[in-house]
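Dear colleague,

I am passing on the structure that we spoke about, with my notes below it. Please look it over before you read on.

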Amino acid sequence: MTSCYNAELAIPGPVIVIGAGGHAAVVISSLLRLGADIVGATTKNPINEGKVLGVDIIGTDDKILVKNPEDIVLANGIGATLAGQTRRYVCAEEMRTQGYRFCSLIDPSVVCGPEVNIGDGVQIM
């Protein structure tokens with residue numbers, strides 16, 4: 001077994017995390033360990049303010065849409081509890097159709113087999 005980390009999959013720029021709940025906290029924790037430049041986290045609740053692990057909640061997903069897709073990457077912090085087209089899936093597809101990219105997030109503590117192929121936007125924590 002070897003580390004799954006690969007420098008070619010490093011976080012390619014400033015990151016906005018979609019979501020501000022429990023899964024977002026895990027995503028942010030991994031991003032911080034990877035040294036990512038986290039711009040902030042978004043939430044679907046427009047009155048939600050505060051921080052997640054020290055990262056500012058910058059508002060709703062509309063805050064993403066004012067950013068040039070070439071200038072940022074996204075990390076999906078929306079938890080998924082049901083199979084199928086969850087809010088997590090729908091949100092990711094909406095952002096991709098508008099030109100936004102999702103970073104592949106591989107926590108530095110992860111170990112996997114050499115036969116594993118890592119795809120775009122994957123999260124391994």
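S30 lies in helix α1, where helices (H or I, at least four residues) and strands (E, at least two) are DSSP runs numbered from the N terminus. With a relative accessibility of 1%, S30 counts as buried, a class that means under 20% relative accessible area, while exposed means over 50% and partly exposed lies in between (1.4 Å probe, protein chains only). Leaving aside residues up to four places away in sequence, S30 touches L105, D107 and M125, a contact being heavy atoms within 4.5 Å.

Please bear in mind that this is a predicted model, in which local features need pLDDT of at least 70 and side-chain atom pairs count only at pLDDT 80 or more, whereas totals for chains, interfaces and linings use all residues. Residues are numbered from 1 along each chain as its sequence is written, and side-chain values use heavy atoms, with hydrogens and water left out.

The chain has three helices and nine strands in total, and buried residues make up 38% of its 125 residues. Of the contacts with a separation of 6 or more, 60% are between residues 24 or more positions apart.

Five of the strands form an open sheet of mixed pairing, in the order β4-β5-β3-β2-β6; two strands pair if DSSP finds at least two bridges between them. β4 (51-52) and β6 (73-76) are at the edges with a single partner strand each, so one side of each has no neighbour in the sheet. Within the sheet, β3 (residues 38-42) and β5 (residues 55-59) pair in the parallel sense over two bridges, and T42 stands opposite G59 in β5. Helix α1 (residues 22-33) packs on this sheet and touches β2 (15-18), β3, β4, β5 and β6. The direction of helix α1 makes about 160° with that of β2, the axes being lines fitted to C-alpha atoms, for helices over the stretch in contact, with angles from 0 to 180 degrees between N-to-C directions.

In the loop between β4 and β5 sits L53, a residue other than glycine whose phi is positive, near 50°. At 51% relative accessibility, L53 counts as exposed.

With kind regards
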